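Q: I am new to this structure and would like to learn how to read its strands and its charged pairs. Could you take me through them slowly?

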Amino acid sequence: MTVPPRTAPNKEFEVGWIGPDATGDFIAIAGQGAPATSFLDYARTGAGNPARLTAPDVGDYEVRYISATTLSVLARLPLSVMIGPAQSAITAPPEVEAGADVMVSVTDAGEPADYLTIVAAGAPDGALGAYVRLRGALEVSLTAPGIAGNYEIRQIRASGQTVLARVSMTVLPLPEAAAKETQPQTAAGAASAATRPRPAALPHADLMALLAVDRGRSFRIAWTGPQAAGDRIALLPRGGSPATALDSQPAEAGSPASLTAPGAPGDYEIVYVDGVSGDVLARRRLEVR
């Protein structure tokens, strides 16, 4: 089974499982040491993989695969239910050259969608720079900004965009010889680059959002994208066009965007919409409960 090491009270979470999947088998959450017939929430394996359970009150529990035939526990993993974000710590070089690849380690990988980002020192907690998702790894590679200065590496809980840990890092300018190689040869060359027409390929965007949210609740979405005039982040019915947006925020307002879930439960999606062409540059599914 795969189970998040911790979650918040009353929060729904997913459990990946491998097992016989016999008729009536189920995944359950129970108190540590409780008998197999005692559980707080369960989901039949026949309902799909991953199974979805709802966490109880604060405490230490077990998630179990239970055979319906023998009522025996075939597999078990611990789960901590706690209030507030997990505690973690980041280790990274205190100084790196501009544009260098940096190995960064954390003491707690958190949830699969959690990520590391590099932002300017003093930037708001919702700021987003170059980032990489942890996906359970304790060490990942990040690319340092190309401009020298003082920065901060932050570990972010994707569900809620909470900063779990941070560490300072100084980006040093490139050595003079390397810097000259990256400079334009002439002022005319620089001007021609600035006036070069927009490439035919669509610009890149990405969205990092909650997988599920309660109806009527306001929530935040971190994003990256061109942030051009007219671009927007919008909430749509699943499969809808940007014209059917239920809520939106201009990209010029910055990341994260703040949106409000609709009052009706169901499947929706968050999209990044190009302000010139109306094309959707990125999509992220959202379940409204």
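The dialogue below turns to a sheet and then to salt bridges.

A: This is a predicted model, in which local features need pLDDT of at least 70 and side-chain atom pairs count only at pLDDT 80 or more, while totals for chains, interfaces and linings use all residues. Residues are numbered from 1 along each chain as its sequence is written, and side-chain values use heavy atoms, with hydrogens and water left out.

Q: In what order do the three strands of the open sheet lie?

A: Strands of a sheet pair through backbone hydrogen bonds, either parallel or antiparallel. Here the order is β8-β10-β13, with antiparallel pairing; strands are DSSP runs of E, at least two residues long, numbered from the N terminus, and two of them pair if DSSP finds at least two bridges between them. The edge strands, each pairing on one side only, are β8 (90-91) and β13 (139-143). Two bridges join β8 to β10 (residues 101-106), and Thr 91 has Ser 105 in β10 as its bridge partner.

Q: Which residue forms a salt bridge with Arg 157?

A: Side chains of opposite charge can pair when their charged atoms come close. A salt bridge is a side-chain nitrogen of Lys or Arg within 4 Å of a carboxyl oxygen of Asp or Glu, and the count comes to eleven. Arg 157 pairs with Asp 114, their closest N and O atoms being 2.7 Å apart. Arg 157 lies in strand β14 (residues 149-157) and Asp 114 in the loop between β10 and β11 (115-120), 43 residues apart.

Q: Is Arg 157 buried or exposed?

A: Buried means under 20% relative accessible area, exposed over 50%, and partly exposed in between (1.4 Å probe, protein chains only). Arg 157 is buried at 9%, and Asp 114 is buried at 0%.

Methods. Helix = DSSP H or I, 4+ residues; strand = E, 2+ residues; numbered from the N terminus.
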